[in-house]
Each structure stands twice: as C-alpha cells, then as structure tokens.
Amino acid sequence: MSFAVRNLACQRAEQLVFENVSFSLASGEAIWVRGRNGAGKSSLLRICARLLSPLAGEITWNDEDIFKDSETYVGSYHYLGHQEALKYAMTVRENIGFWSMFHGTEDVVSALEQFDLQKLADTPTGLLSQGQKKRTNLARLVASSAKLWILDEPLSALDKHYIALFKERLMRHLAAGGMALFATHQDLELEQVKLLDLDDGAL
Amino acid sequence: MAIDLHRYANPKRFLAITAAIYPWSVWLTAILLLSGLYLSLFVAPPDYQQGDTVRIMFVHVPAAWMALMIYTMMAISSAVGLIWKHPVADLSAKAAAPIGACFTFLALVTGSLWGQPMWGTFWVWDARLTSMLILLFLYLGYMAIWESFDDPAKAAKAAAILALVGVINIPIIRFSVDWWNTLHQPASVATMAGPKIHSSILIPLLVMGLAYTAFFVMVLIIRVKAEILKRRLRVLQIAELRES
Amino acid sequence: MKRFFSLIGRDLTLAVRQGSAVTLGLSFFVIVIILFPLGVGPELAVLARIGPGVLWVAALLACLLTLDRMFQADYEDGSLDLLMIGPLPLEILVLAKVIAHWLTSVLPLIVIAPILALSLNLPGEGISALVVSLLIGTPTLSLIGSVGAALTMAMRRGGVLLSLLVLPLYIPVLIFGVAAVEAAVAQLSVTPHLLLLGGVSLGALVVGPLAAAAALRLSLS
C-alpha cells in the first residue's frame, strides 16, 4: 500500500496557498503537517480526502489517481475535520453507529469502550462537552477499518490523558501497517513521524 | 504566480479578435437602428384596426426575441465554461445577463404600453407577457447568484448550473403558461403577433431584430472587456498584497 | 442501498426529535391559508373559486420555507464532508436528502390539505384531485429545490436568494397542479393535467440530483 503526493499546488480564493508539495507514505508511516496559520494545512488534508481539487499535481493511492480512479481509495481512508459532524439530537451510540455503517464498519461497542464513552453512549451529543465530542470522533476513527487516517486537529480540547491514549492508538495503528497524515498544534513528542513543513514545502 | 498569469493570459486572443469586430458592430448598430426605426415608424403602414399603435410592435417583438436568444446564448456559454473551463465563456455569460434583462424589461414595458390602448389596461395576463415576466426573474436570479459568491471561479460555476437548469425549464414554463392561458381564456382582443405577417411589417421587424443583435454584440464586447480588465486588476492587487 | 435508507432514516429521526421544522412548516401552511378568507372575505363562492390556487401556492411557499436547511445543517456541522467522501454517489445522496425533505416537510402538508380544502369550501371531487395532484407534483418542488438549496447552502442569507432562484422554476408545477383540481371541480377529465405533472416530476428526477450534486461539489470546493 502506498500513498503519494506529487508537486501539489493549491489555490484558494484566487490566491496560491502552496505549490510543489510532494511526499509519500508507506505502511506504518505517518506524516505530521505543520505550518503557520494560512499555510494550507487544512487545505492539504482536504485535498488528500478528495474534498478539494488541487490546482496542479497528482495524488495516488497504490499508483491510482485518487480523483480519477477513486473506487479503491474510498473506504481506505478516514477523514476527521475540525468540525464535529455530530447530530446533537442523536445519542453518541447513534452518531457513531450511523457513520460506521455509512463508511462500512460495524464495531461500535468496542470503539465506545476504548475512549471511555460507555456511560455516555445513550446521551444526546448536544449535551457533551467539547472534549467528549472530540472523543466521540476519535472513537469513530478507531471503529473504522481505514488504512489511512487523515486528521485535522484531532486533539484540540482533549486533556493529557486522552492525548496519550490517542498517541497509543496511533502507534498501534501504524504498527498494524496503517498510515496517518495529520495536522495538530499540540506537541505530540512523536519521534517516529516525518514532519512536513508547509512554510517551505519540504519534508 | 506563474499559474495565475497563464490563466488570465488566455483572454488576450479574445481581446484581439473583438477589437477588430467592435468598430463594425458600432457602425452596424447605428445604420441598422436608424434604418429600422425609419422603416417601422414611417414606411410601414398603420394597422387598419390598431392604427399607429401597431408601431410599438417593431420595438417590442425584436426585444422579446433578443430576451430569449440572449438567455440561450448564456446557457451555451455556461456549458462551454463548465465543460472546457474556458474563462471567457463564463465572463461572456455574465456580461450578457444584464443586457438580456434589459431587453426583457423593454419587451415588458412596450408590451404594456401597447396593451393600454388595445386592452384598455396596462397589464393583461397574456401568455406571452407572463412568460416574459418569468424570464425577467430568471435573469435576476442569474445575476443575483453572480453577486453572492466572493470567489469568481465558484460564482461562475454556480451561475452556469443555474443557467443550464433555467434553459431546460424555459420551454416547460412557456408550455405551462400557454396551457394556463388556454384554460383561463381572457376576453380575447388581439394577440401581439398578428395572424399573418405582411412583408411591409416583416422587413422592418427583421431590420430591427438585426439592429438589436448588432447592439447586443457591441455592448457585450464592451462588458466582457471590462470584466477581463477587472479580473486582471484583481490578480494584480492580490499579487501586490502577497509581496507586501 | 443500506446506506441510502439509513441516511433517510437518520434525517427522519432528526426531524422527529427536533420537531420544529415539521411543525413550523405546517403552521405556516395553515396560517397562509387562513389569511386568504380574511383577505378576500368569507363568501363561500369566492373561496371555492380561489381555493385550489390558494392551497397550491401555500404548499409551494411552505415547501420553500424548509428548503434552505436541506443541506445547510449537514454543511454547518461538517457531516456533509463525510457524506460526500463516503461510498454513496453524490447524486444518490442528493436523492436521499430530497426524499427525506419531502417526507418531513411536504407530506405533512398533503395530509392536512383536505381539511383546509374543506374550510375553503372545495367540493369533494376537488379534494381528492388536490391530494393526488399534490402527491404527484410536490416531489418536483423538493427535487428542483435541491439545486437551489445546494447553490445557496454556504451563504449566510441564502434563503431570500433561494426563493428568487427556485420560485420561477416552480411555475409549471403550480399551473398543472391547480389546473387538475379545477378540472375535477368542473367535472372534466383530470388525467391530462396529472400526466403533465407526472412528466415534469420525472424530468426533475433526472435533472435535479445531477445539478444539485454539481452544485454541492462546487460549494464545498
């Protein structure tokens, strides 16, 4: 399995955000995207999640263009944006259940357990705190069987305990042959990941 | 910045071609309009029933033709813009819309002025007039959506989708309004288009139609040019912002 | 298919739990219709004459009222991103949202329409034609509306623009729908009007999801 980005350029509202961004990910690798505000971290992640089209360049998954032959790519990745994508009138279990069904995984219960959400399972998500909502989304991530995790600020509003827990899950995911591409302002103290600095476009 | 400049360098050829056409369109407009007005106001015979009022038709009917033609042209440009991503196509659709709206408005106003002496009232829910009124709203919606996006590239796509959905709907709307009109047949006096058109009427009509078309081409060139310059200015402003 | 139905199911659950959209649309529908007798006077002959038109126009406006939320709620909380990158083709996704909109916002109107029709002194034949014409015609409103809803989704005050974009396109439905009811009242054949209405609906079924999917792609990019 391989994920490769070649000479990517991105334009937002007629402004060039970044250009000539290239990197690749193999099984067990992770890339931490960094850069100042407006450097295009979110845009890069959204492009990789097929939510934005790049101005130039190409992205391949197992050597197939993700925009042209997206069938194998869809379902191989899980995108977590900064928005919660939670319906407040539905419970934690219903929210996670809907998305894991929609994206093709069913293991809701163990996901809830991993992020200590069993007690909250039948609470409408509208009543949760920011951190609890974030955990709900991380539980969704863990419930998915996606190989590639694309995470945009997954750790905001989380306390140390859950950051550590997330790190541990991330390591487990990578050890099992997964890949991750993420942007966060938190200092994760991760040594095994590659850094991609968007300010100068180099690894 | 290389990419940006390339993208907006594209209209150059368009500007060169239109610079050659433009003087011709001005002269054609002037000659056709003068001769068309002369033919319709002085040469064409007054109608035996409607008298000189019938002359409003020479302004009205070609305006209604233009209103429909311009919308169709906008839809074609929009399709070209969507499929081949040609920036000038989007811009010409955008530039054409207000002109089309003006012709629609002209057709409505002259229609109601014609209706006053004929029907004794300024507005009659005649099928043609009603369709024109709906068309005016399609134009207004199209223009409004261009204004509602900050990013011109997005606005162009949104407007193109709307124009295409609109153009599919125009025949359906037209048909439904005719249908509605036959169900609610008003006390029929005379319809806009007479039953048989004599050549003394047809020729001025056609000349006026051509004059309007030449006028449309002339104004369209001016407006597209202005749009291109506006875009360039924007690109330059953004470039300046980035450098500072 | 499972995804398609679960998306509809999710929207129905949300509509039932939040409730406000359904009741607001319904109350709006009722109030608009009450305004007409107050405006034109209580003469039964006049009300029976304008009844079909009033009911159809009110249904059109009530449908428009809830239209702007068709994609907006999912857009605002980020759900739309996740729906779009899922395995369901975008056109099918639009269709699911349209069905959910129709079931939650339009079907309740059709259910109470006969009662309101009685209050406008519409004869019995007219009422059954009204219900049938609404059932055949209103899916078009949701389908065409989805294009406008997708185009105006990201705008802060998209609702006003939405009505300008969508209402002119609703005119054929209004005309054929009202014509069907009037034909029934006049003891004429209803079939041609209903066939036309059905034709428009089928056309909208093809064009609506395609155009709305294109609009969604552009609004998100």
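**Chain contacts and helices in a predicted model**

In this predicted model, C:D81 and A:R46 are joined by a salt bridge, with their closest N and O atoms 2.9 Å apart.

Biologist: How many salt bridges does the rule find across the interface of chain A and chain C?

Modeller: The pair C:D81 and A:R46 has its closest N and O atoms 2.9 Å apart. The cut-off is 4 Å, so that pair counts. For the interface of chain A and chain C, the rule's total is four.

Biologist: What share of the area buried between chain A and chain C do carbon and sulfur atoms give?

Modeller: This contact takes 26 residues from chain A and 25 residues from chain C. The buried area is about 2300 Å². Carbon and sulfur atoms give 62%.

Biologist: Now chain C and chain B. How many salt bridges does the rule find across that interface?

Modeller: Here 26 residues of chain C touch 27 residues of chain B. About 2200 Å² is buried, and carbon and sulfur atoms give 85% of that area. The number of salt bridges found between chain C and chain B is zero.

Biologist: Which residues of chain C lose the most area to chain B?

Modeller: The area buried between chain C and chain B is about 2200 Å². Three residues together make up 23% of what the chain C side buries. They are C:L169, C:I175 and C:L218.

Biologist: What pattern does chain B follow along the sequence?

Modeller: The C-alpha trace of chain B spans about 70 × 40 × 25 Å along its principal axes. Chain B has seven helices and zero strands. Its pattern reads α-α-α-α-α-α-α.

Biologist: Are helix 5 and helix 6 of chain B roughly parallel or roughly antiparallel?

Modeller: Helix 5 covers residues 127–147 of chain B, and helix 6 covers residues 152–183. Their axes come within 9 Å and cross at roughly 170°. Angles over 145 degrees count as antiparallel in this scheme. Helix 5 of chain B is therefore, relative to helix 6 of chain B, roughly antiparallel.

Biologist: How many nonpolar residues are in the contact of helix 5 with helix 6 of chain B?

Modeller: Sorted by class, this contact includes four polar and three charged residues. The nonpolar residues number 18.

Biologist: How far apart are the end C-alpha atoms of residues 158–177 of chain B?

Modeller: The unreviewed UniProt entry lists 127–146 and 158–177 among the "transmembrane region" spans of chain B. Residues 127–146 are 100% helix, with end C-alpha atoms 29 Å apart. Residues 158–177 are also 100% helix. For 158–177, the end-to-end distance is 27 Å.

Conventions:
Residues are numbered from 1 along each chain as its sequence is written. Chains are lettered from A and ligands numbered from 1 in the order in which they are written. This is a predicted model: local features need pLDDT of at least 70, side-chain atom pairs count only at pLDDT 80 or more; totals for chains, interfaces and linings use all residues. Side-chain values use heavy atoms; hydrogens and water are left out. Axes are lines fitted to C-alpha atoms, for helices over the stretch in contact, and angles run from 0 to 180 degrees between N-to-C directions. Helices (H or I, at least four residues) and strands (E, at least two) are DSSP runs, numbered from the N terminus. Angles under 35 degrees count as roughly parallel, over 145 as roughly antiparallel, 65 to 115 as roughly perpendicular and the rest as oblique. Ala, Val, Leu, Ile, Met, Phe, Trp, Tyr, Cys and Pro count as nonpolar, Asp, Glu, Lys and Arg as charged, and the others, Gly among them, as polar. UniProt positions are given in the numbering used here, feature names are shortened, and annotations may be inferred rather than shown by experiment. Contact means heavy atoms within 4.5 Å. Buried area is the accessible area (1.4 Å probe) that two parts lose on being put together, summed over both. A salt bridge is a side-chain nitrogen of Lys or Arg within 4 Å of a carboxyl oxygen of Asp or Glu.
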